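Let's learn to read a protein model together, one feature at a time. Have the sequence and the picture open as we go.

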Amino acid sequence: MNRSLARRSDRAFAALACLSLVLGPLAARGQEHASPLWFQGTRLILSRAVPLDGDLAVPTRDPGMRHFLERLGASVSYDPQQRYVVVTSEDRRSIVFTVGDPSYAVGGVRARAPFAPQADGDDVDLPFFTLARALYVEPLDDGGETVLQPRIGALDVRADGPHTSVTVTGAMPLVTDGQHDSPERLQLAFVGQGSALGPLRNALGPAVSAIDVAVGGTARVPITTLTLAGAPGSTHRVFPGPAPDTLIIVFDSAPTGAVAAARTPPTPPPPAEVGAVSTDLTPPPSAEPGPTAAPPIVAGRATVTDLEIAPGADDALTVQVTLSGAVPYTWHRLPDHRWYIDFANATLTGPGREEHPSFGAVQSVRVAQIGGDDAPAVRIAFTMSGDQQIDLTPSASGLTIAVGTAPNTDLPRAGGGQTGGVPLVASSVMPGPEPTPSAPSGPGSRIIVIDPGHGGDDHGTEHNGLSEKQITLDIADRLRALLLAQGWTVRMTRETDVDPVSAANLTRMRADGIPNPTDRAYLQTRCDVANDVNARLFISIHVNSAPIPSARGTTVYWYKPQDLPFAQAIEKSVIPAAQTQDDGTRHENFYVIRHTTMPAVLIETAFITNLDDVALLRQPAFLQRLAQGIANGVKAYAGSPAANTVSQQQ
């Protein structure tokens, strides 16, 4: 889905508000004078910033805030009728703030800001330093000035058979000088980006034996050097990532004697930066490598439904882990002030995350999915300022982890137990989706809009003799027939090999001064088909691709909170019908599901770069099963209308 990825979100701020923010209440709370800010070689002027509780309260419409986010390729979405402010990073992570609530979420992991965002009309004050850190930019004191230092924020390591891929993600577009000492060794120097990641010296897969991260330079001009050591006889390839701030390195083991990838984490646990990277050994489920995806959610497994980092009594740091059921856990204390806990047979609902709290004795908290589909586990790792006492308290919903501030000695080095909650019972049968009451009848409530991705000059992804635009239209035609049989009125965003666009959208968006006007006009035209008739549901159909041929499976994407139950119903129906690998549901900022007003999903049906999936995509019977699975999900979520009507294209 090449062009959809390129234009999946507004790089600018079409959703930003137009009214000015009254700073009086916040100004009254400010207790200190903000030091000058330095960002990317120049002063960053935040004209309406107010120092507050060790952070800066800055409205989203502040010109300095807009400049800062634009340089990072980030976008902001805020609807004054909603309480949520969503900041989407260049690498498609979502940072979600709630007006009036100091809690915020980064990629599904909750943390706590120094103060709650405050709204006034169409604008919102956000905690600037908190937002910067979530975007991999660290505020550093430098001689009375605050330097906003972009950093390499994440390394994602994945192994599949003889291949090991390493995805590097930074705050800014990655520009590097590479030194290829040998096919087995690669050194990359990223000028202008720092890092807080530590070296990784344990075996990270069959083709990579160690990764070393070294930081030099100054606060204003940092240099991060990444050295990757491959296994003997290995070779490497370097690919640009799906966004300018990502880079993908793939190491291939020697053709003979390839080491099979382990499916479970090593024992004893590795003494490396265990939470700084994801070490899931399943292939990446999409063309956008990122944090490890959660394994399929099946009966007998627990899901981490919420994770909140907050201050506790006596300046302690607490992490409240909420799970869907009780699971066993083991924990380990490492000799270099690190401690981690593994929740067995558990999965995350989204990607992992690293947080740097501004309170307590904890320097970082890292959350990651580890293990494979057969033995998944969720790991939470802490880096502390010393050997702090850590208390674990089971609760009715999971487990509370409390990290004290006073260093201690003679602390135990390992232990285990079980979380609170309802015991899980394993079953060999996947539970079916429970019907969700349909929306009240009204204009458009009987209409479902199907969006066959791409078309016309936009071919989408093309590999192995297949074209995405043709496959999506085939599946959409089959789905339309099934939904008509259920009694729905069905509209299609396209019925032929065209890429529809409204002349009015082109004119309006070319005049609004916001980047990517043509792409936005094409995508908005598809959204308008559904929005203009107040459709009940919107379904966008796509085919996936990835740089690693082993990536396969089906993923259902959602953006708005109202989309999630619909996405879950589609996932639970499509996987049994199509018999594809379940890559789960994911929260993403795709344009068509963000800018439609009804429950909407975007489904990546299978991988056009995986030979097994390609063999399926060539079969009309498989395409029919996909369509049937989607139709089943619609019925499970919304029921059926009373009568059938004829579809008309508008």
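Q: In the hairpin of E13 and E14, which residue takes a positive phi?
A: First, how the elements are named: helices (H or I, at least four residues) and strands (E, at least two) are DSSP runs, numbered from the N terminus. Here Gly-161 takes a positive phi near 60°, in a hairpin with two residues between the strands E13 and E14. Please keep in mind that this is a predicted model, where local features need pLDDT of at least 70, side-chain atom pairs count only at pLDDT 80 or more, and totals for chains, interfaces and linings use all residues. Residues are numbered from 1 along each chain as its sequence is written, and side-chain values use heavy atoms, with hydrogens and water left out.

Q: How many bridges join E13 to strand E14?
A: The general idea is that two strands pair if DSSP finds at least two bridges between them. E13 and E14 (residues 163–170) run antiparallel and are joined by eight bridges. One example is Ala-159, whose bridge partner in E14 is Thr-164.

Q: Which strand do six bridges join to E13?
A: That is strand E12 (residues 137–142), which runs antiparallel to E13. Within this pair, Val-137 stands opposite Pro-150 of E13. The hairpin of E12 and E13 also has two residues between the strands, and there Gly-143 takes a positive phi near 60°.

Q: How many residues of strand E13 are buried?
A: Buried means under 20% relative accessible area, exposed over 50%, and partly exposed in between (1.4 Å probe, protein chains only). In E13 (residues 145–160), 14 of the 16 residues are buried, so the strand is largely enclosed by the rest of the structure. For the chain of 650 residues, the buried share is 58%.

Q: In what order do six strands form an open sheet?
A: Read across the sheet, the order is E28-E29-E30-E26-E25-E33, with antiparallel pairing. Strand E28 (353–355) and strand E33 (414–418) are at the edges with a single partner strand each, so one side of each has no neighbour in the sheet. On average, neighbouring strands here are turned by 15° against each other, direction ignored. Angles run from 0 to 180 degrees between N-to-C directions, and axes are lines fitted to C-alpha atoms, for helices over the stretch in contact.

Q: Which residues are buried in helix H3?
A: In H3 (residues 63–72), the buried residues are Gly-64, Met-65, Phe-68, Leu-69 and Leu-72. They cover an arc of only 130° around the axis, which puts them on the same side of H3. The arc is that of the directions from the helix axis to the C-beta atoms. Just after H3, Gly-73 has a positive phi of about 70°.

Q: Where do the axes of helix H8 and helix H11 cross, and how should I describe it?
A: Two packed helices are described by the angle between their axes and the distance between the axes. H8 (residues 563–578) and H11 (residues 620–638) have axes that come within 7 Å and cross at roughly 145°. Contact means heavy atoms within 4.5 Å; among the residues that meet are Phe-566, Ile-570 and Val-574 in H8, and Leu-626, Ile-630 and Tyr-637 in H11.

Q: Which residue has a positive phi although it is not a glycine?
A: Asn-464 is one of them, with a positive phi of about 55°. Asn-464 is found in the loop between strand E35 (462–463) and strand E36 (466–467) and is partly exposed, with a relative accessible area of 34%. Asn-534 has a positive phi of about 50°. Asn-534 lies in the loop between helix H7 (517–531) and strand E38 (537–544), and is partly exposed at 41% relative accessible area.
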